[in-house]
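I opened the notebook to record what I looked up in this structure. The entries follow in the order I made them.

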Amino acid sequence: MPDMDGMKEAKQYHTDIPQTTERFFLKGSNSLDWGMKNRLARIFNPQSGRTVMLAIDHGYFQGPTTGLERIDVNILPIVPYADTLMLTRGILRSIVPPTTQKPIVLRVSGGTSILKELSNEEIAVDIEESIRLNVCAMAVQVFIGAEFERQSIINMTKMVDIGSRYGIPTLAVTAVGKDMARDARYFRLATRICAELGAHYIKTYYVEKDFETVCACCPVPIVMAGGTKIPELDALTMAYNAVQQGASGVDMGRNIFQADSPIAMLQAVRAVVHDNEKPQKALDLYHTLKNQS
């Protein structure tokens, strides 16, 4: 009903308090639309500004990776300890319960296997599929310096354009060919190209020398890729150094699900990423949780 005359005294307009506009917490994301920010705020913890992503999308080009042979048995029990799940639509539909509240980053590029030239990818999932699956971001592989570099870059820019129409961020995943140098100079080039062309955040590898320059010259958040399985202390140290040098989190797969105790390892990584725990203390936490299980 419309307000009746004489009821103004019941209103609280707070004319003495200016309206505030909260600045978005993620680097380079303040000008994005509300839906885009909301999805990113589910991927990244607003308190720490960081994320612990669990990557289980390896099968899209290399089949049943060790540790991913049975995702229902090996992975579903550890999902509650991750901030975000990165996977393919096939695994999402066939195995992950729709009751899960974890934000989903969907792999949308593909087309080749480990038996062929990996850089020869195209967009393999359309935007309608991402909308139907209610994902929080779409992941596209970008192969800077590889044979099909141009195609992979165009794949990413197409998803940036299409995703922006519907408020879905694009994650650019920098791939490194076996003949390419893994150094800060290469990763500065690869991440900056992805950011310049519109990627909303970028997954890339850690390098011991000058990684802080990779993060500093990239205007959007960087998430460190875990890479191949290494000893637990080394993986925790790598994660610690990455976030201390400017990364906005980690996206680990094999260093989680190939650990002796994946649940304990994921919790140890969380302590490093969100609580700035030192690697040795995080390793102690890992062993404590492992022994308890």
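**Aromatic pairs**

How many aromatic pairs does a search of the whole structure find? I got six. I am working from a predicted model.

I looked at F44 and Y201 first. Their rings pair edge-to-face, 5.2 Å centre to centre, with 75 degrees between the planes. F44 sits in the loop between α1 and β1, and Y201 sits in strand β8, so this pair ties together parts that are 157 residues apart in sequence. I checked burial for both: F44 is buried, and Y201 is buried too.

Next I took Y60 and F61. Their ring centres are 5.1 Å apart and their planes stand at 70 degrees; edge-to-face counts from over 60, so this pair is edge-to-face as well.

**The barrel**

I traced the sheet next. Eight strands form a closed barrel in the order β1-β2-β3-β6-β7-β8-β9-β10, and the pairing is parallel. Neighbouring strands are turned by 25 degrees against each other on average, direction ignored.

I then looked at the helices on this sheet. Helix α7 (residues 184-196) packs on the sheet and touches β6, β7, β8 and β9. The direction of α7 makes about 165 degrees with that of β8.

I followed β9 into β10. Strand β9 (residues 222-225) pairs with β10 (residues 249-252) in the parallel sense, over two bridges. What stands opposite M224 in β10? It is V250. Helix α9 (residues 232-244) packs here, touching β9 and β10, and its direction makes about 145 degrees with that of β10.

**Strand β6**

I gave β6 its own entry. Six of the six residues of β6 are buried, so the strand is largely enclosed by the rest of the structure. I sorted the side chains by direction. A137, A139 and Q141 point one way, M138, V140 and V142 the other, and all are buried.

I checked the neighbours of β6 too. β3 and β6 run parallel and are joined by three bridges. R107 has A139 in β6 as its bridge partner. On to β7: β6 pairs with it in the parallel sense over five bridges. V142 stands opposite T174 in β7.

**Helix α1**

Which residues of helix α1 (residues 34-43) are buried? I listed M36, K37, R39, L40 and I43. They cover an arc of only 165 degrees around the axis, which puts them on the same side of α1. I recalled the general rule: an α-helix has 3.6 residues a turn, so residues three or four places apart point the same way. I then looked up what this buried set packs against, and found β1, β2, β3, β6, α6 (149-166) and β8.

**Nonpolar cores**

I finished with the cores. The largest nonpolar core has 74 residues. Those with the most contacts inside this core are I56, I75, F211, M252 and V269. What does V269 touch, not counting residues up to four places away in sequence? I wrote down V52, L236, V250, M252 and I256. A second, separate core has 16 residues, including M53, M86, A139 and L171. A139 had already come up as the bridge partner of R107.

Methods:
Residues are numbered from 1 along each chain as its sequence is written. This is a predicted model: local features need pLDDT of at least 70, side-chain atom pairs count only at pLDDT 80 or more; totals for chains, interfaces and linings use all residues. Side-chain values use heavy atoms; hydrogens and water are left out. Two strands pair if DSSP finds at least two bridges between them. Helices (H or I, at least four residues) and strands (E, at least two) are DSSP runs, numbered from the N terminus. Axes are lines fitted to C-alpha atoms, for helices over the stretch in contact, and angles run from 0 to 180 degrees between N-to-C directions. Contact means heavy atoms within 4.5 Å. Buried means under 20% relative accessible area, exposed over 50%, partly exposed in between (1.4 Å probe, protein chains only). The arc is that of the directions from the helix axis to the C-beta atoms. A nonpolar core is a set of buried Ala, Val, Leu, Ile, Met, Phe, Trp, Tyr and Cys residues joined through side-chain atoms within 4.5 Å. Rings of Phe, Tyr and Trp (its six-membered ring) pair if their centres lie within 6.5 Å; planes under 30 degrees apart count as stacked, over 60 as edge-to-face and the rest as tilted.
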